[in-house]
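Here is a short report on aromatic ring pairs. Look at the model first, then read on.

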Amino acid sequence: QDRELRPEELEELRMAFVEFDKNKKGYISHRDLGECMRTMGYMPTEMELIELSQQISGGKIDFEDFVELMGPKLLAETADMIGVKELRDAFKEFDSDGDGQISLTELREAMKKLMGEQVTNREISEILKDVDLNGDGQVDFEVTKWGRNMRKHLVE
């Protein structure tokens, strides 16, 4: 790694950690680690999860160990990603009514502007399903997750 984690990257890790620290005791169970990683957009294999659980002493991972484990993955992934400012600007372009969320209608309008009429409503619905992390039919701005998932669709 040629750089440290940025504050917003550390915050993403902290938010994921807190979400899976179910009993609020400052650690994640090795059993919850796979689900946590998937929530962050990583797809660990069963073998990777077994190896990780063997490295975790006492079956628990604290935040410091979590950063040590996930930080390099986040850095490797974001190495070629566009920056946070660019992501925020792109999100604002998609969020035409400025309410902080992108609706299906806004997504449809933005994608057709970007990619022309070749994008079908079904494809746009699939994209929304992929970037709507909480399933409420709206896309919320969560810097890295939104950028990671949306970037995939724009590059395809």
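Is Phe17 buried or exposed? Phe17 has 5% relative accessibility, so it counts as buried. The cut-off for buried is under 20%. This is a predicted model.

## Ring pairs

A pair of aromatic rings is described by the distance of the centres and the angle of the planes. A search of the whole structure finds two such pairs.

Take Phe17 and Phe63. Their ring centres are 5.5 Å apart, and their planes meet at 70°, so the pair is edge-to-face. Phe17 lies in helix H1, residues 7–20. Phe63 lies in helix H4, residues 63–78. The pair therefore ties together parts that are 46 residues apart in sequence. Phe17 and Phe63 are both buried.

Now take Phe17 and Phe66. Here the ring centres are 5.6 Å apart and the planes are at 50°, so this pair is tilted. Distant parts of the chain are linked again: Phe17 is in helix H1 and Phe66 is in helix H4, 49 residues apart. Phe66 has 0% relative accessibility, so it counts as buried.

## The cluster

Which residues do the ring pairs link into a cluster? They are Phe17, Phe63 and Phe66. Phe17 takes part in the pair with Phe63 and in the pair with Phe66.

## A charge over a ring

Phe63 has a further neighbour. Arg14 lies over the face of the Phe63 ring, 4.2 Å from the ring centre.

Definitions and conventions: Residues are numbered from 1 along each chain as its sequence is written. This is a predicted model: local features need pLDDT of at least 70, side-chain atom pairs count only at pLDDT 80 or more; totals for chains, interfaces and linings use all residues. Side-chain values use heavy atoms; hydrogens and water are left out. Rings of Phe, Tyr and Trp (its six-membered ring) pair if their centres lie within 6.5 Å; planes under 30 degrees apart count as stacked, over 60 as edge-to-face and the rest as tilted. Helices (H or I, at least four residues) and strands (E, at least two) are DSSP runs, numbered from the N terminus. Buried means under 20% relative accessible area, exposed over 50%, partly exposed in between (1.4 Å probe, protein chains only). A charge sits over a ring if NZ of Lys or CZ of Arg is within 6 Å of the ring centre and within 35 degrees of the ring normal.
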